[in-house]
Protein chains: 2
Amino acid sequence: MEDYLTPDPLWCITQTSLAPEETKHYEGLLTQGSGYLHLRGSYEEGLAAAPQDETYMRMPANVTVEVPRHPRSKAGTYLPGVTGQHPLLREEVVNLPNPLAMTVRCQGRTLDMDSGDIFEFSRTLDLRDGVLHRRFCWRLPLGELRCDFTRFVSQARPGLIVQRMDFCASSPMTVTLDATVDETVTTNGYCHFRTTEPCAQGQAFGVTVTTDNGDTVTLMSRCQGAPASVSANRGTLELCCGAGVPVRIDRLTLVSCSRDPQPRDAQALAAELETLCAAPDALYAPHAAVWQQLWEKSGVIIRGDDQAQFALNVSLYHLLRAANRNDSRVAVCAKGFAGEAYFGHFFWDTELYLLPFFLYTNPAIARSLTRFRIGTLDGARENAAAYGYPGAKYAWESSVTGAEQCPNWQYCDHEVHITADVVFGLWHDWKATGDRAFLEEMLPVLTETTRYWLARVQHHPDGTVHLNGVMGPDEYICMCNDSAYTNTMVRYALRVTREAGALLGKSLLTANEQEQAAYVEEHLVIPRREDGMIWQCEAFDRYEDPDFTSLWPDRTKRFGAVVSQERNYRTKALKQADVLMLPYLFPDTMDARQLQQTYDYYYPLTTHDSSLSYIIHAIVKARMGDAEEAYSLFEKALAIDLDGGAAEGIHIANCGGIWQGVVMGFCGMDWCYCRDDLHFTPHLPAHWQEVSFRIVWHGAAHRIRVTHDGVSVEEDDQ
Amino acid sequence: MEDYLTPDPLWCITQTSLAPEETKHYEGLLTQGSGYLHLRGSYEEGLAAAPQDETYMRMPANVTVEVPRHPRSKAGTYLPGVTGQHPLLREEVVNLPNPLAMTVRCQGRTLDMDSGDIFEFSRTLDLRDGVLHRRFCWRLPLGELRCDFTRFVSQARPGLIVQRMDFCASSPMTVTLDATVDETVTTNGYCHFRTTEPCAQGQAFGVTVTTDNGDTVTLMSRCQGAPASVSANRGTLELCCGAGVPVRIDRLTLVSCSRDPQPRDAQALAAELETLCAAPDALYAPHAAVWQQLWEKSGVIIRGDDQAQFALNVSLYHLLRAANRNDSRVAVCAKGFAGEAYFGHFFWDTELYLLPFFLYTNPAIARSLTRFRIGTLDGARENAAAYGYPGAKYAWESSVTGAEQCPNWQYCDHEVHITADVVFGLWHDWKATGDRAFLEEMLPVLTETTRYWLARVQHHPDGTVHLNGVMGPDEYICMCNDSAYTNTMVRYALRVTREAGALLGKSLLTANEQEQAAYVEEHLVIPRREDGMIWQCEAFDRYEDPDFTSLWPDRTKRFGAVVSQERNYRTKALKQADVLMLPYLFPDTMDARQLQQTYDYYYPLTTHDSSLSYIIHAIVKARMGDAEEAYSLFEKALAIDLDGGAAEGIHIANCGGIWQGVVMGFCGMDWCYCRDDLHFTPHLPAHWQEVSFRIVWHGAAHRIRVTHDGVSVEEDDQ
């Protein structure tokens, strides 16, 4: 493990401040993971001021304007798919026992980044290999102790955590390391463990927990480098550090759960740890090799803009970390498994924000995401039935079974566009891969969601068809009729269902259903102003002007946090892009003049309270040809996680959006469902010299180079 | 106490069945109280199958369609104003330690109405004096024990509970009575007691509890009639019953709380009990005298309809029981303090359903209710400020401080008509009493609510004024613009505020505010169909037809329980009378033809899922002259509590509505705010021979007799 990469500021997130208000942000931002397992970037020894065992009742609320708990620090250990039942928040991904935990004591002091005399502190997460380095010096009564901690979650063995602690003392001292797998943790203040069994197996120690959803997880640790005194879930090491003599401790942890194809128990993990501990140095290279492959497939190089390059690297790192390459029983949760804010639920982010990045760079990962929707069709069927409809209604906040988990009715009841978004995502996969077997595989979803729409729409005597009582992407209009986005998506879903039937020469719908579906596809109303501009919904003009000047003087706060929900719901204020999603996703929706008119109408009404907002506006503006204005919006998107916003987890949809911003926005790539050939209409910011990246198009990989002079496309032979 | 009244079926609720599914209903229906203190009609010894100490998390939900907990039995002891803070449901009236509790043991058995061998069982609540009698025979291995239990909550000493237990054994046996004040109780599954101090003082025993809102309550009991062995919160009596020899035990309990003008501690209560126990027989007469006065003022006699007479008696009993005559710091909660379903909160029921009965029969009690609103103006100011408005916004569900307690945002955010309803109620009081000092007293409420409306409405460029994003009385339209009911009430509130200013020759509003208010009063839109019919709200015709035939085949269930809220919210289905409130409250709103048209339009859309619905339709129909149809709707209202519906408490608003049904509906009395003279336009059902009652009009009492031949009005000299 002496082969760590040489730090490169474009590829390293570096923390040099110990400011208490930044700790939690860095915990989110420095999250490490392997798709299978994710760890927030907390200090191994925790903070005395931030107990992790607090229990409290987190209420269902508007997450956008909620004030989160745990102001100082929140450790997080997540296995996507391992969930528990919260009494108020419904199913949530469980924060598992913390496998990094240890206390470090020396000369009667306990190491604490808050209260200790710490200097020369820095932390660096290398995005190229996902290794987190912490270096600092601890001033003690009788000398100084230099500490150099590194850790990574292995991409080669996704349940393996590798930690290394290097110490060097200025004068002889004894350091006591007390390592454990801390099971006194809660998820959103709730303890999900039905059973907790601490154990010791030879030199290994750890714990097995069973969640209230019946998942069992075992975490076993073993330390190497000095004699350890091991008891149930505890290993204690006394390190005699001579002056200037380096002392090295390695700690390996293995995690297994009952959802694994081959779950292993504490004994099996202990045996495997014994083998691995024989050669800990051998663990880094295969891990780094996987990361290298991921970057080769998905990396984007922007010449001329270090800021954008760095932010893009951070985004792609988290996308590649968060996605599970081998397991379509889970997707990527809204916080990228880097926090508990959205309970580990799966949203429309999956199809609209995440999927394009994977589809065009690593279709195998994309397939995990689309298969997740096919695999949860039964849950969607149950959702439809619960609302009194036939067919399938995809959950606004999906559990691992597809069952609706959103604790706020206005979203889960009314934000029905998710059901069309899912079909849109499946179709996107088919158009990107041309995989006919997959087209067949998705047919039940197309069929069942069509049945839902046929029951959900309303036919008017004048022959028009309406979709009433819905919420569009803009969540600041609570309930409306004929959301333009929703109805466009539904029409698209019905169209591709029809096309899929034609392509496969079969349909699971009856002739009568097919006829009805064709009618709805044609007659579902897209509301328009007299001059043809698309209204966000029926009677949108009847909403009140938001009067931002008086209501929202302090723009450092979110609009939703300074206005009452009641007033918000009756104004035209938008949380995020809504109608403007349409010209991006379906460029045929409007011509340039209409687009300009639409942008000019909605943009001033938009609060961007949602992290999904800026990037869409940036893309639309770029595709309108205004690269400079687009860039200033793009910068807002780049700042969302980097500028202190990662405390509760990563805004993973925005990460996917940032890739789209570069490739679909500035480089102007056309969607594979809109045209068959790979095509770009770039509008690069003036200071960008070149953007290069890899695109998979209909199964073939291409290397793209975009400059101000043009676009080059080369086959990629990988 | 041998002077109990001779039972009269028109004046007695009698239970003869021990069917388990009826127990809870009778507990609600047989609730006793003194305004100050209320006790559900539970068996003193409880039911083994119904533990009262269960803790669970009741969730904020739609109370109308919720499935309540405690299927078998729920004891309830309430002091209006003594509240606790529930973590989810906000402030709620606290279920206090049960002062009736005792176990009765004999021959190794414990008395239990479920499992015991009980025969000749009956319970009777006499509505004339509020005394509850239970008689039954308990078959034991070696004989039978006849039991005759009575109890009442004293109207003469409102914190006093008087219990009497008469036993008579068929053969010699020893009966052990174990009396306690059971503090192991919860409110909606939650324990609100911060401290619990059981104590004994001489022969008295009991408990002092402190709620999580800081209220302290002491309940002390003392038994009389046999030697008692007393310990902390327990008195045990061994009764040696000879064959055929009656044995009598009296138990007195005194309750005091920190909200009392002069709170008394356990010692003071014990001393008072000692005095009272010297002559328990003397306690009944003064109590019965108060009830007699209440009935003389407020009773209504219907000749020719025993069913209606009985149901009316039940309703008036609960109204008279529930209202506090001396304390305007509380009003009457939605369940009449006979259950926990609505958490002891105060709704618009107060002004629209309860107030008229009291205003026209016992204005002093009415004044407690109207003063409650004046006294909670500060809470209403805080509500307005919390939503970002000036002035005062009355709470949809008011706490004792006026602070909003509704846990569901759609109601508290949008059902703003309450704020106008409060002003309407105050004005009603002024018009009924002509009390100029009170007009002055209410001025701050008129002023502050006007300020709220001025900020809450929306001016359109065409000069019209709108009130957007509201919910009217019909809670099945979640959020609409220009609710006809709401806007009519707001216009009325602005009008009477203007009139009050003119009458008093002063206003607390600035000249500019007065000008604005006059403009809004004139221009606030009442939406109408092209032919002039009032729409419930803007674009009401755009809602979907409810299609009751397919959605609601089983009419024994509520519509709201069989349809998803999502679908309900986008249909025209009405929960209750909405537009039809208007021709009742403001007869000038529409002429006979318009009324017929309006009734014919809305009635078929109305589900009557709300208990507030039938009675309004009955009244409107009676005033339309269709007494027979009106009577069939009236019968539905009469059945609401009597037909098994009282399990979670009394539908107290409907009780007030039933009085209005007789007096305002069938007897056709005009409102005192509509005309100065007492005037009736009766439409009696054919089988009613005569209705007689007492009406206070502008401070003078009148005896009214209504027959098919006409109306006689005589001065009442009481």
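Two residues are in contact if their C-beta atoms, placed from the backbone, lie within 7 Å. On the interface, 100% of the interface residues of chain B are also interface residues in chain A, so the copies meet through the same surface.

This is a predicted model, where local features need pLDDT of at least 70, side-chain atom pairs count only at pLDDT 80 or more, and totals for chains, interfaces and linings use all residues. Residues are numbered from 1 along each chain as its sequence is written, with chains lettered from A and ligands numbered from 1 in the order in which they are written.

Chain B superposes on chain A with an RMSD of 0.0 Å, by a turn of 180 degrees and a shift of 0.1 Å along the axis. That is the relation of a two-fold axis. B:Met479 is the chain B residue closest to the rotation axis, at 4.2 Å (C-alpha).

In chain A, nine strands form an open, antiparallel sheet, ordered 1-9-10-11-12-19-16-15-14. Strands are DSSP runs (E, at least two residues), numbered from the N terminus; two strands pair if DSSP finds at least two bridges between them. Two strands stand at the edges, each with a single partner strand:

| Edge strand (chain A) | Residues |
|---|---|
| Strand 1 | 12-15 |
| Strand 14 | 193-201 |

A:Asp215 sits in the loop between strands 15 (204-211) and 16 (216-224) of chain A. A:Val82 is 133 residues from A:Asp215 in sequence, yet 6.1 Å away in space, C-alpha to C-alpha.

Key
Helix = DSSP H or I, 4+ residues; strand = E, 2+ residues; numbered from the N terminus. Least-squares fit on C-alpha atoms with pLDDT ≥ 70 in both.
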